[in-house]
Amino acid sequence: MTKIDVFSGFLGAGKTTLIKKLLKEAYKGEKVVLIENEFGKVGIDGGFLQEAGVEITEMNSGCICCSLVGDFGKAMTEVIEKFNPDRILIEPSGVGKLSDVIAAVEKVESDNVKISGAATVADATKCKMYMKNFGEFYDNQIANANAIILSRTSGMAEEKIDEIIALLREKNAEAIIVTTPWDMLDGKKILEVIDGSRSPMQFGEHKHEHHHEHECEHDHEHHHKHECEHDNEHHHEHEHGECSDPECSCHHHHADEVFESIGAETTKKFTKAEIEEKLSALNDIEKYGKVLRAKGIIASDADRFIYFDFVPGEADVREGDPDVIGKLCVIGSKINHEAISELFGVKLKA
């Protein structure tokens, strides 16, 4: 029997970190295959996980809902025939819809292949912001999970965590929510939650069957207008969901319509301090647009490589082993390609 675990989560929530923890503490002794789907053409995360000895299939042709559904069955069949794994881990694009991933997985289920759990990793410090700005994608990941695993809760005030839980419960009343900091939990305990052994939610009863329907409540027998709040300062009215704003959470969009990814392979060398300075600059929304994630593995002056990861207001920069070539990727909404390319001194392309 091959079990399938899906790890959803918005950009930079900590999916890769969680998978690393589970590989070390919970999946020991199992033959595991990881299937990743990167948003954009330059795959980065594979380099972070190869050191764990996991076979990786990267699919860089777009978001999960636009590309993976089409070739997912073929990829899964090949993986099972080649590796005969005990467990397949699926890490979809951070801007993919979990409902689409579950729908794709259910199509390849058989007596010997079963989806075991669908977890969504959510950054507790950014839940509210992402719900407000990217509700259609973010809410879908929350609503369709049987386990919601909060990251970055360490040191957070109890009332703040309670506030986040209340927001999550509005989208998903049944999933088990993990609030304890990960370093206090054994990976096996987290896996129990992900595998659904402690969750009442049954797969096959998800909202994905209706995810193409308008997500706001409408009176279908009468014409009416309603407000769609998508920004602190801006409201707009529209009829029957015919809203032209791509960031409005009241309309169904593909990730390609809202998010964009630019990246490049490069031999350019940077110092750790230079990268830290450039990542800090990306917080300037007016100059660079709404950058949601930047990550890379690039050469440094000390014959080492620098590994970096950025989400708004937070950056992780560290030295690591050399890779075959440097590469970096920036993901966001309405990002300024030229300004970001100029910042890094590398021509980044969509």
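Is Cys-127 buried or exposed? Cys-127 is buried, at a relative accessible area of 1%. The model shown in these views is predicted.

**View 1**
Cys-127 has a relative accessible area of 1%, so it counts as buried. Cys-329 is also buried, with 1% relative accessibility. Both values fall under the 20% limit for a buried residue. A search of the whole structure turns up 0 disulfides.

**View 1. Strand β1 and its parallel partners.**
Strand β1 covers residues 2-9. Of its 8 residues, 7 are buried, so the rest of the structure largely encloses β1. One partner is strand β5, residues 113-123. β1 and β5 run parallel and share 8 bridges. Val-6 stands opposite Ala-118 of β5. Another partner is strand β4, residues 87-91. This pairing is parallel too, over 4 bridges. Here Ile-4 faces Ile-88 of β4. In a regular strand, side chains alternate between the two faces of the sheet.

The largest nonpolar core holds 43 residues. Which of them touch the most other members? They are Val-6, Phe-10 and Ile-90. Helix α4, residues 98-107, gives the largest share of this core, 5 residues. In soluble globular proteins, nonpolar side chains tend to be buried together.

**View 2. Contacts around Ile-90.**
Residues up to four places away in sequence are left out of this list. Ile-90 touches Ile-4, Asp-5, Val-6 and Phe-7, among others. Its contacts also include Ile-35, Phe-72 and Met-76. Val-101 and Val-105 are in the list as well.

**View 3. An edge-to-face pair, Phe-10 and Tyr-138.**
The whole structure contains 4 aromatic pairs. In one of them, the ring centres of Phe-10 and Tyr-138 are 5.7 Å apart. Their planes meet at 75°, so the pair is edge-to-face. Phe-10 sits in the loop between β1 and α1 (15-25). Tyr-138 belongs to helix α6, residues 135-143. The pair links distant parts of the chain, 128 residues apart. Phe-10 and Tyr-138 are both buried. Ring pairs join Phe-10, Tyr-130 and Tyr-138 into a cluster.

**View 4. A stacked pair, Phe-308 and Phe-344.**
Phe-308 and Phe-344 form a stacked aromatic pair. Their centres are 6.4 Å apart, with 15° between the planes. Phe-308 lies in strand β13 (residues 305-311) and Phe-344 in helix α12 (residues 337-344), so the pair ties together parts 36 residues apart in sequence. Phe-308 and Phe-344 are buried. A pair of aromatic rings is described by the distance of the centres and the angle of the planes.

**View 5. The surroundings of Phe-344.**
Phe-344 of helix α12 has a relative accessible area of 1%, so it is buried. Lys-278 is 66 residues from Phe-344 in sequence. In space, the C-alpha atoms of Phe-344 and Lys-278 are 7.1 Å apart. Apart from residues up to four places away in sequence, Phe-344 touches Lys-268, Phe-270, Ile-275 and Lys-278, among others. Its contacts also include Leu-279, Leu-282, Leu-328 and Val-330.

**View 6. Lysine charges over phenylalanine rings.**
Lys-97 places its charged end over the ring of Phe-137, 5.2 Å from the ring centre. The charged end of Lys-268 sits over the ring of Phe-270. Here the distance to the ring centre is 5.5 Å.

**View 7. Asp-139 in helix α6.**
Asp-139 is placed in helix α6. Is Asp-139 buried or exposed? Its relative accessibility is 15%, so it counts as buried. Beyond its neighbours within four places in sequence, Asp-139 is in contact with Met-131 and Lys-171.

Asn-84 is not a glycine, but its phi is positive, about 45°. The loop between α3 (64-83) and β4 holds Asn-84. With a relative accessible area of 57%, Asn-84 is exposed. Arg-152, also a residue other than glycine, has a positive phi near 60°. Arg-152 is found in the loop between β6 (147-151) and α7 (158-171). At 34% relative accessibility, Arg-152 is partly exposed.

Methods. Residues numbered from 1 in each chain as written. Predicted model: local features only at pLDDT ≥ 70, side-chain atom pairs only at ≥ 80, totals over all residues. Heavy atoms only, no water. Disulfide = S-S within 2.5 Å. Buried < 20%, exposed > 50% of the residue type's maximum accessible area, 1.4 Å probe, protein only. Helix = DSSP H or I, 4+ residues; strand = E, 2+ residues; numbered from the N terminus. Pairing = 2+ DSSP bridges. Phe/Tyr/Trp six-rings, centres within 6.5 Å; stacked < 30°, edge-to-face > 60°. Lys NZ or Arg CZ within 6 Å of the ring centre and 35° of its normal. Core = buried A, V, L, I, M, F, W, Y, C linked by side-chain atoms within 4.5 Å. Contact = heavy atoms within 4.5 Å.
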